[in-house]
Amino acid sequence: MEFRYHCLWCPPSELVLHPVFIGADRAYPVRCAQGHQAVLLLGNAPYSLLFERGLSRLVAGDTRDAVLDAYTSFEMFCAEYPIRLRHAAAPAALATIRHDFREVTKTSDRALAVAYASYGMITHRAVRSLPKLTEIRNRATHGGVRPSYEEALKLCRWVSSELEALNEAISPLQHGAYLAAERLDRLAECSERFGAAPVVEQSFNSVLDAYGWLPGLTGVFGRTSIDDQLEALKRGPVESFWVQPVMPIKIMAVEKSL
Ligand SMILES: [Zn+2]
């Protein structure tokens, strides 16, 4: 989907938005018309980027891929859920925790079971039951059946509401430490992939992040519902001005070509 950003090094008086096409990756090398280079690092979690891409495909009428993206986003979230809980219980390097949990998050069925059982244990509520919406996804995936717009939207809403409920259960837990660890991981990943390139960080109005994974995002963008987000996507590319540098600005010292 198309995202537009304002180059941090061009004068604000000459505000020009530059396009960058984003998918489920979090880091994108960018270059403005004046030749300023940077790595645009999105603060959003990969599952929320994928969900947003699903919504963007829904708006474009590509209902089959919309369903696949939204459901995959749900599976990715389920695999991340126990890792976040484990980190809240006893902080450790995320890579180590992910390694420890690799067996139970290896397949989507296992990850889903662990996520829902964890939900039951921390909330002391009955484990949530899964509606039959996975059939829509299975028909699209295995049968090649193109879902209707209404079916695709229904599945997107379901994913969104499930994630909202699962998130709500862990929101009382101290998760600032998790977010900080996750951010450090992202920066290390950027440094590994793009070398000394300056990094600018950005979040855009992802519906799923607005449910609580990025505190403050809702206040910035004021959009929390799928309906608002679909309306925004129909209007055109997501625009943003909220960019901040997270590494020393050394434009002239970019050694690696982007
Ligand atoms: Zn520039």
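Tutor: Helices here are DSSP runs of H or I with at least four residues, numbered from the N terminus. The model is predicted: local features need pLDDT of at least 70, side-chain atom pairs count only at pLDDT 80 or more, and totals for chains, interfaces and linings use all residues. Residues are numbered from 1 along each chain as its sequence is written.

Student: Why is leucine 163 called buried?

Tutor: A residue is buried if 20 or more other C-beta atoms, placed from the backbone, lie within 10 Å of its own, exposed if 12 or fewer, and partly exposed in between. Leucine 163 has 23 within 10 Å, and is therefore buried. This leucine lies in helix α6.

Student: Which residues of α5 are buried, and what makes them line one face of the helix?

Tutor: In α5 (residues 134-142), they are Ile136, Arg137 and Ala140. Seen down the axis, the buried residues fall within an arc of 95°, so they line one face; the arc is that of the directions from the helix axis to the C-beta atoms. Exposed Glu135 and His142 are on the face turned away from the buried side.

Student: Against which helices do the buried residues of α5 pack?

Tutor: They pack against α2 (63-89) and α6 (149-170).

Student: What is the mean pLDDT of the chain?

Tutor: pLDDT is the predictor's confidence in each residue, from 0 to 100; the chain mean is 81, and 84% of residues reach 70 or more.

Key: Helices (H or I, at least four residues) and strands (E, at least two) are DSSP runs, numbered from the N terminus. Two residues are in contact if their C-beta atoms, placed from the backbone, lie within 7 Å.
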